[in-house]
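Dear colleague,

Please find below the structure that I am handing over to you. A summary of the findings follows it.

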Amino acid sequence: MDTNPILGTWRLLSWYNENESGERHYPLTEAATGYISYTLDGFVFVHISAPARQSYRVNDPFGGSLEEDSAAMKSQITYAGTYEFFGDRVEHHVDHASCPNWAGTTQVRQAAFIDKHLWLSAPDTFLDGKKVTACLEWARAEG
């Protein structure tokens with residue numbers, strides 16, 4: 001049996017970005033939802049979204065107006081690729097991402113397990129034009 005504690009699917013409990021003065025900002029509101037899944041064969045899949053996202057007028061993923069597409073893009077973040085777990089950090093080697101600039105990059109996250117929750121953080125990250133530490137708290141997902 002594999003002893004990698006990060007394996008499996010985790011449900012988002014909280015995502016906030018903290019600036020150097022300790023102020024917190026919730027980029028997709030405090031009610032953001034999402035999943036991160038680490039597979040035994042070394043893949044990671046992440047999807048986080050704002051609650052109550054605006055629907056397109058038509059039921060067609062390629063049929064949105066420019067305004068609808070922009071709102072859809074700005075209300076979620078997703079990426080996938082492979083990962084390596086090193087105990088106190090995890091490296092996500094991104095192949096596909098909603099932010100095209102992330103494809104081909106390695107996203108490094110500090111990892112900690114506190115009260116059965118997985119905490120991932122990314123210090124010195126630029127999000128929304130500001131240098132922050134992204135902090136995400138995850139709980140094991142139950143199907």
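In the largest cavity, strand E8 supplies the largest share of the lining, namely four residues. Please note that the model is a predicted one.

The cavity. The count comes to one cavity of 30 Å³ or more, and the largest cavity holds about 190 Å³ of space. Its lining consists of 17 residues, and those nearest the centre are Trp 15, Tyr 79, Trp 102, Arg 109 and Leu 136. Two or more lining residues come from each of strand E4 (43–49), E5, strand E7 (106–114), E8 and E9. By class, 13 of the lining residues are nonpolar, three are polar and one is charged.

The largest pocket has a volume of about 630 Å³. Among the 20 residues that line this pocket, Trp 15, Pro 27, Ile 77, Leu 127 and Asp 128 lie nearest its centre. The elements giving two or more residues to the pocket lining are E1, strand E2 (24–25), helix H1 (66–74), strand E5 (76–85), strand E8 (117–127) and strand E9 (130–140). The pocket lining comprises ten nonpolar, five polar and five charged residues.

Asn 17. This residue belongs to strand E1, which spans residues 8–18. Is Asn 17 buried or exposed? Asn 17 counts as buried because its relative accessible area is 5%, and the cut-off for buried is under 20%. The side chain of Asn 17 forms a polar contact of 2.9 Å with that of Trp 15. Leaving aside residues up to four places away in sequence, Asn 17 touches several others, including Glu 23, Arg 24, Pro 27 and Leu 127.

Yours sincerely

Conventions: Residues numbered from 1 in each chain as written. Predicted model: local features only at pLDDT ≥ 70, side-chain atom pairs only at ≥ 80, totals over all residues. Heavy atoms only, no water. Buried < 20%, exposed > 50% of the residue type's maximum accessible area, 1.4 Å probe, protein only. Polar contact = N/O pair within 3.5 Å; in protein donor to acceptor, adjacent residues only side chain to side chain. Contact = heavy atoms within 4.5 Å. 1 Å grid on protein atoms, 1.4 Å probe; cavity = no way out; pocket = protein on both sides within 12 Å on 5 of 7 lines; lining within 4 Å. Points joined across faces, edges and corners; volume = space filled by probe spheres on them. Nonpolar A, V, L, I, M, F, W, Y, C, P; charged D, E, K, R; others polar.
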